[in-house]
Amino acid sequence: MTTETFNIIVAGSMPYARLNTFIWDESEEMPKVKRPLIFMCPGGGYEMTSDREADPIALQLVAMGYNVAILRYSVAPAEYPVALNEAFYALKLIYKKSEEWSVDINKIYVQGCSAGGHLAASIGMFWHEDKELIKPAGMILCYPVITSGEFAHRGSFEALLKSCYTPEMLKRNSLELQVTENTPKAFIWHTYTDDCVPVENSLLLIQSMKKYDIPVEFHMYPQGGHGLSTCDELSMCPNGYGVQKECSSWLGLVKTWLRSED
């Protein structure tokens, strides 16, 4: 396994913006294959990028046989569209490195938790606006921030938009309103009792995707708070929060979903 860090610099980027990669090495003991890559966006309300939603999930995905890239994107005081532009820049970097890393660029999945789910889903909605980008193979959205409407996590949109917090920009970033035939399929999970980012965020997105007959696999767990990450001790908070083992099945379910897509 080779790990590398790349600085990500676009207009408005913060100095810490970077891409951390986990790339499978070639070996004479195993056949050479081009592997899919999971492009990860940790959550944090567009005010931070959570460690709990980065390496703990990434290493589980690596163990499944996937290359992984974690985008530590710029957050407040950076404002829209800096994080999205960084994501586009990082994806183009992955394309350039794809032969060296044996990455199948037609099998790049975007993944995100909470506000990182909003960024990952934004890639899914707007990738076609950049002619250099390839449609993501799918979206893996974990308790995502989606809507700026009635069920919004208002703090995420305030941190994201800052000076451009206008009705027009709120509408553009209310992603259930941005679904088109260009939107990739998705695996989504949420908890019914999420009291931070209501499950309606996922349900509204699913409704919009259904109108376009875009495949979605959705799992709603009956219990669990927000920000659960791997849902076990691997990503547990210092105070013990984050262990909801009945939800930890999502990693196995996403493995099955990914395998069905390979």
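A: Let us start with T191, which stands opposite Y221 in β8. The model is a predicted one, in which local features need pLDDT of at least 70 and side-chain atom pairs count only at pLDDT 80 or more, while totals for chains, interfaces and linings use all residues. Residues are numbered from 1 along each chain as its sequence is written, and side-chain values use heavy atoms, with hydrogens and water left out.

Q: Over how many bridges do β7 and β8 pair, and in which sense?
A: β7 and β8 pair over six bridges, in the parallel sense; strands pair if DSSP finds at least two bridges between them. Strands here are DSSP runs of E with at least two residues, helices are runs of H or I with at least four, and both are numbered from the N terminus.

Q: And what joins β6 to β7?
A: Strand β6 (residues 138-142) runs parallel to β7 and is joined to it by four bridges, with C142 standing opposite W189.

Q: Is β7 buried or exposed?
A: Six of the six residues of β7 are buried, where buried means under 20% relative accessible area, exposed over 50% and partly exposed in between, with a 1.4 Å probe and protein chains only. A186, I188 and H190 point one way from the strand, and F187, W189 and T191 point the other way.

Q: What does W189 pair with?
A: W189 pairs with Y221, and because the ring centres are 5.7 Å apart with the planes at 85°, the pair is edge-to-face. Rings of Phe, Tyr and Trp (its six-membered ring) pair if their centres lie within 6.5 Å, and planes under 30 degrees apart count as stacked, over 60 as edge-to-face and the rest as tilted. W189 lies in β7 (residues 186-191) and Y221 in β8 (residues 216-221), so the pair ties together parts that are 32 residues apart in sequence. Both residues are buried, and together with Y143 and W250 they form one aromatic cluster.

Q: How many aromatic pairs does the structure hold?
A: The structure holds seven, and one of them is the edge-to-face pair of Y46 and Y73, at 6.1 Å centre to centre and 65° between the planes. Y46 lies in the loop between β3 (35-41) and α1 (55-63) and Y73 in the loop between β4 (67-72) and α2, so this pair ties together parts that are 27 residues apart in sequence.

Q: Changing topic, what does the side chain of N201 reach?
A: The side chain of N201 reaches the backbone nitrogen of T147 at 3.0 Å, and one of its polar atoms lies 2.9 Å from the backbone nitrogen of I146. N201 lies in helix α6 (residues 200-211) and is buried, with a relative accessible area of 0%.

Q: Which residues have the most contacts inside the largest nonpolar core?
A: They are L19, F39, L71, I94 and I123, in a core of 57 residues; a nonpolar core is a set of buried Ala, Val, Leu, Ile, Met, Phe, Trp, Tyr and Cys residues joined through side-chain atoms within 4.5 Å. Helix α2 (residues 82-101) supplies the largest share of this core, 10 residues. Apart from it lies another core, of 29 residues, including A58, Y109, L228 and W250.

Note on methods. Polar contact = N/O pair within 3.5 Å; in protein donor to acceptor, adjacent residues only side chain to side chain.
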